[in-house]
Amino acid sequence: DVKNADELEARRAARRADRERRRKKQEERQEERQEDIETNEAGLEEVSVKLREERVQLDGWSSRAQDVAKMLEEANKKIECELAALDEESSHHNDSEEDHLYKNHLPK
């Protein structure tokens with residue numbers, strides 16, 4: 001009976017030790033998971049900050065592009081007006097030249 005009791009106690013001690021090892025391993029895995037989560041969260045926050053910075057930069061570029069587009073549109077309108085004025089001047093000039101030529105070459 002003493003031998004059986006010793007064996008029983010040894011098995012119980014082995015089971016307790018096994019449970020303790022599993023519990024410790026589980027705690028270690030849980031700690032590793034927690035560290036991974038914290039690392040991932042830090043990485044996500046870094047990416048989020050970078051994305052916000054890039055968004056601000058893109059908004060600035062977009063605003064500048066809109067300003068340039070307005071400037072180009074205004075310049076284009078001025079050029080169109082100047083071309084129209086030149087066309088009109090040229091038309092009047094040609095009419096005057098044609099009148100002059102016509103009058104000077106009329107048979108007398």
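**Exercise 1.** Decide whether Glu-28 is buried or exposed, or something in between, and find which surface patch holds this residue.

*Solution.* Glu-28 has a relative accessible area of 46%, and therefore counts as partly exposed, since that class lies between the cut-offs of 20% and 50%. In this predicted model, the place of Glu-28 is in helix α1, which covers residues 2-104. Glu-28 belongs to a patch of negative charge on the surface, where it gathers with Glu-31, Glu-32, Glu-35, Asp-36, Glu-38 and Glu-41.

**Exercise 2.** Describe the make-up of the chain in helices and strands, and state what share of its residues counts as buried.

*Solution.* The chain has 1 helix and 0 strands. Of its 108 residues, 0% count as buried, while the accessible surface of the chain comes to about 10,500 Å², with 53% of it belonging to carbon and sulfur atoms.

**Exercise 3.** Identify which residues make the nonpolar surface patch of about 290 Å².

*Solution.* The patch is made by Ile-79, Leu-83 and Leu-86. Leu-86 has its place in helix α1 and counts as partly exposed, at 48% relative accessibility.

Methods. Residues are numbered from 1 along each chain as its sequence is written. This is a predicted model: local features need pLDDT of at least 70, side-chain atom pairs count only at pLDDT 80 or more; totals for chains, interfaces and linings use all residues. Side-chain values use heavy atoms; hydrogens and water are left out. Patches are made of residues with over 30% relative accessible area and no salt bridge: like charges are joined within 9 Å, nonpolar side chains (Val, Leu, Ile, Met, Phe, Trp, Tyr) within 5 Å. Accessible areas come from the Shrake-Rupley method with a 1.4 Å probe; for residues, only the protein chains shown count as cover. A salt bridge is a side-chain nitrogen of Lys or Arg within 4 Å of a carboxyl oxygen of Asp or Glu. Lys and Arg count as positive and Asp and Glu as negative; His and the chain ends are not counted. The place of a charge is taken as NZ of Lys, CZ of Arg, CG of Asp or CD of Glu. Helices (H or I, at least four residues) and strands (E, at least two) are DSSP runs, numbered from the N terminus. Buried means under 20% relative accessible area, exposed over 50%, partly exposed in between (1.4 Å probe, protein chains only).
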